[in-house]
Amino acid sequence: MEQIKKDMREFKAKTGVDQIVVLWTANTERFAEIAVGLNDTYDNLKASIDRDEAEISPSTLYALACVEEGIPFVNGSPQNTFVPGVIEAALQKKSLIAGDDFKSGQTKMKSVLVDFLIGAGIKPRSIVSYNHLGNNDGYNLQAPQTFRSKEISKSNVVDDMVASNEILYKPGEHPDHVVVIKYVPFVGDSKRAMDEYTSEIFMVSRELSIPYRPTFNKSRCITLRKISSQHLFSTC
């Protein structure tokens, strides 16, 4: 972690910028275990890093390095980078941390559509999301632990919308929600996303909506990098 901090100091000195902001755009990591004595406090997290604990993720190392240097850190990936120890450190040092997945593709579309449906009094009862892609992100998401990070991020969007409407949904009631991500090498950086929304409408009738969205991951990432290239310390 000391090397990370050294690199950031040298980058700032070399470029002459007034402020560094670190934007994390790397592939999805697996969800980290939260455990007492491991990463539950700032002191325990520091001790775990000194012991080279395997459970401490790269993004958490970068986030804590930024916190200690007073550098804002924005997380664009869905894993739980901000373990309790990082949050405690940020509060102590009054350092800015933010972000929980860019949600720039299917998840963003889902948040918009579910918000519209629930706001219009249309009750989604089943949401099935399917993705396939062939780049390193798709390969990485084959691992169950890594896929779990993405699954939680996609599910949280629906949970928040459902919790906001106590008229349509009773306490504890949720739509069936399934997320599938498959690795298909041939399609390369092209990501194909399809959602199927089955909703209840007037007189217990059903409405079926199936949006399909092909995108290119690099196109979105390049845009972010272009915006930030003159001002940010890149992590990938």
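Is Arg51 buried, exposed or partly exposed, and what is its relative accessibility? I looked this up and found 45%, so Arg51 counts as partly exposed, where buried means under 20% relative accessible area, exposed over 50% and partly exposed in between, with a 1.4 Å probe and protein chains only.

I noted that this is a predicted model, in which local features need pLDDT of at least 70 and side-chain atom pairs count only at pLDDT 80 or more, while totals for chains, interfaces and linings use all residues. Residues are numbered from 1 along each chain as its sequence is written, and side-chain values use heavy atoms, with hydrogens and water left out.

Next I turned to salt bridges, each a side-chain nitrogen of Lys or Arg within 4 Å of a carboxyl oxygen of Asp or Glu. The structure has nine of them. In one, Arg51 pairs with Glu53 at 3.1 Å, N to O, and Glu53 is partly exposed at 30%.

I then looked up Lys5 and Glu68, whose side chains form a salt bridge at 2.8 Å, N to O. Lys5 lies in helix α1 (residues 2-15) and Glu68 in helix α3 (residues 58-69), so the pair ties together parts 63 residues apart in sequence; helices here are DSSP runs of H or I with at least four residues, numbered from the N terminus. Lys5 is buried, with a relative accessible area of 7%, and Glu68 is buried too, at 18%.

Last, I recorded the bridge between Glu10 and Lys6, at 2.6 Å, N to O. These two are four residues apart in helix α1, so about one helical turn separates them. Glu10 is partly exposed at 41%, and Lys6 is partly exposed at 38%.
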